[in-house]
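Please keep the sequence and the structure in view while reading.

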Amino acid sequence: MEKIPEIGFGTFRLKRESVKQPLRDAIGVGYRHIDTAGIYQNETEIGQLLKELYTEKTITRSDIWITSKLSPYDMETPRAALLKSLSSLQTDYLDLYLIHWPAVSRTPGNSPLHKKLRLEAWNVLNEAKQQGLLRNVGVSNFTPHHIQELRDETTYGIDGMHVQMEIHPWYWRDGFAIQNMFREHGIVMTGYALLAEGKLLGEPCPEALIEIASRTEVTSVQVVLAWALFKGWNVLVKSENPSHLVQNLGAGRVAAMLTPEEIAGIDTISQKVKELKECWDPRAVT
Ligand SMILES: NC(=O)c1ccc[n+]([C@@H]2O[C@H](COP(=O)([O-])OP(=O)(O)OC[C@H]3O[C@@H](n4cnc5c(N)ncnc54)[C@H](OP(=O)(O)O)[C@@H]3O)[C@@H](O)[C@H]2O)c1
């Protein structure tokens with residue numbers, strides 16, 4: 001597959017066998033991007049399910065985009081970790097492999113080891129790309145500073161790299177800063193945790209979202225996904241509920257229904273001084 005599908009199926013917290021039915025449902029309703037990672041503990045089961053789907057002729061390998069990620073526990077052995085992911089997923093290549101986190105695990109945030117291993121891993125991933133094991137490479141949860149180092153201090157640079165970041169109406173400025181700073185390098189942005197780990201679904205849902213959802217006759221979740229798509233991001237969502245799977249995939253058509261004023265209204269749900277980051281925070285990693 002040439003281009004990353006704009007709405008992908010996330011598999012975080014769907015460990016082992018529990019990933020199989022939601023993933024089968026997701027592929028059945030049209031998802032073509034599967035996002036997994038070494039630390040999600042489900043690559044083997046995803047590989048098994050995909051093999052079944054190939055055998056049933058539901059899909060072929062080239063119909064789908066598979067993303068996996070180098071675990072922070074494997075930063076010292078990136079090539080071995082990649083080969084393990086390929087074997088577990090029963091594939092000769094990955095569409096995308098990301099450095100999951102800018103640090104090696106169980107090491108203080110200010111250790112010089114993080115930078116050394118990040119740069120080494122980036123070169124190893126790019127070599128694997130040259131060898132055909134990877135179609136695309138990228139990073140996740142990196143700060144602009146971490147990305148600048150890859151650009152300025154590695155053989156391969158960052159042209160065409162993918163970046164996966166937490167992004168939702170309560171926390172988006174760091175992601176948008178990366179998108180703008182490295183625009184000239186043609187980087188591809190994908191957002192995760194669009195529902196802010198469920199906060200979007202709690203009470204009260206921000207008024208701006210309710211109003212737009214009511215005007216466009218869609219759900220608040222679709223509005224948020226469409227907001228990110230409108231900004232030029234791809235998105236990941238996880239659901240075990242078949243009707244949510246269909247609804248989320250429908251966000252693509254909603255993006256065209258939003259006005260610039262409505263987009264600006266969603267941006268103001270968070271204030272610059274009061275953003276709410278839900279997932280792990282790389283800003284303390286040197
Ligand atoms: N790179 C990273 O460090 C990183 C970190 C976190 C996540 N990710 C990736 O991003 C993916 C998505 O993030 P996430 O799994 O944390 O959370 P998420 O997709 O933001 O939220 C998932 C939750 O939202 C619910 N949900 C989904 N669609 C809904 C809908 N239309 N209406 C109501 N509820 C809905 C799901 O429940 P139901 O099952 O009931 O629908 C689930 O509880 C992950 O699975 C993973 O692949 C990457």
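## The barrel

Two strands are said to pair if DSSP finds at least two bridges between them. The model discussed here is a predicted one. In this model, eight strands close into a barrel, and their order is β1-β2-β3-β4-β5-β6-β7-β8. The pairing of these strands is parallel. From one strand to the next, the twist averages 25°.

Which strand pairs with β1 over three bridges in the parallel sense? Strand β8, residues 234-237, pairs in this way with strand β1, residues 7-10. Within this pairing, Ile7 has Val235 of β8 as its bridge partner.

Strands β6 and β7 run parallel and are joined by five bridges. Gln164 stands opposite Thr190, a residue of β7. Strand β7 is mostly covered, since four of its five residues are buried.

Helix α6, made up of residues 173-181, lies across β6 (162-166) and β7 (188-192). Relative to β6, helix α6 runs at about 165°.

## Two pairs of packed helices

Helix α1 (residues 20-29) packs against helix α2 (residues 43-55) at an angle of about 45°, and their axes are 10 Å apart. On the α1 side, Lys20, Leu23, Arg24 and Ile27 take part, and they meet Glu45, Ile46, Leu49 and Leu53 in α2. Of the residues in this contact of α1 with α2, five are nonpolar, three are charged and none is polar.

Pro78, Arg79 and Leu82 of α3 make the contact with Ala121, Val124, Leu125 and Ala128 of α4. The residues of the contact of α3 with α4 comprise six nonpolar and one charged, with no polar residue.

## A covered helix

Is α8 mostly covered or mostly uncovered? Helix α8 is mostly covered, with nine of its 11 residues buried. The buried residues of α8 are Val221, Gln222, Val223, Val224, Leu225, Ala226, Trp227, Ala228 and Leu229. Their cover includes the strands β7 and β8 and the helices α7, α9 (242-249), α10 (251-255) and α11 (260-267). Just after α8, Gly232 takes a positive phi of about 90°.

Most residues other than glycine have a negative phi. Two residues of this chain may be examined with that in mind. Asn141 is a residue other than glycine, yet its phi is positive, near 65°. Asn141 is placed in the loop between β5 (137-140) and α5 (144-153). A residue is buried if 20 or more other C-beta atoms lie within 10 Å of its own. Because Asn141 has 25 C-beta neighbours inside 10 Å, Asn141 counts as buried.

Glu217, likewise a residue other than glycine, has a positive phi near 60°. The position of Glu217 is in the loop between α7 (207-216) and α8 (220-230). Is Glu217 buried or exposed? Glu217 is exposed because it has 9 other C-beta atoms within 10 Å.

## The surroundings of His100

His100 is found in the loop between β4 (96-99) and α4 (113-130). His100 is buried because 23 other C-beta atoms lie within 10 Å. Apart from its neighbours within four places in sequence, His100 is in contact with Ala37, Ile39, Lys69, Leu70, Ser71, Pro72 and Ser140.

His100 and Gln164 are 64 residues apart along the chain, and their C-alpha atoms are separated by 8.7 Å. Gln164 is also the residue that stands opposite Thr190 in β7.

Technical notes: Residues numbered from 1 in each chain as written. Predicted model: local features only at pLDDT ≥ 70, side-chain atom pairs only at ≥ 80, totals over all residues. Axes fitted to C-alpha atoms, helices over the stretch in contact; angles between N-to-C directions. Contact = placed C-beta atoms within 7 Å. Nonpolar A, V, L, I, M, F, W, Y, C, P; charged D, E, K, R; others polar. Buried ≥ 20, exposed ≤ 12 C-beta atoms within 10 Å, placed from the backbone.
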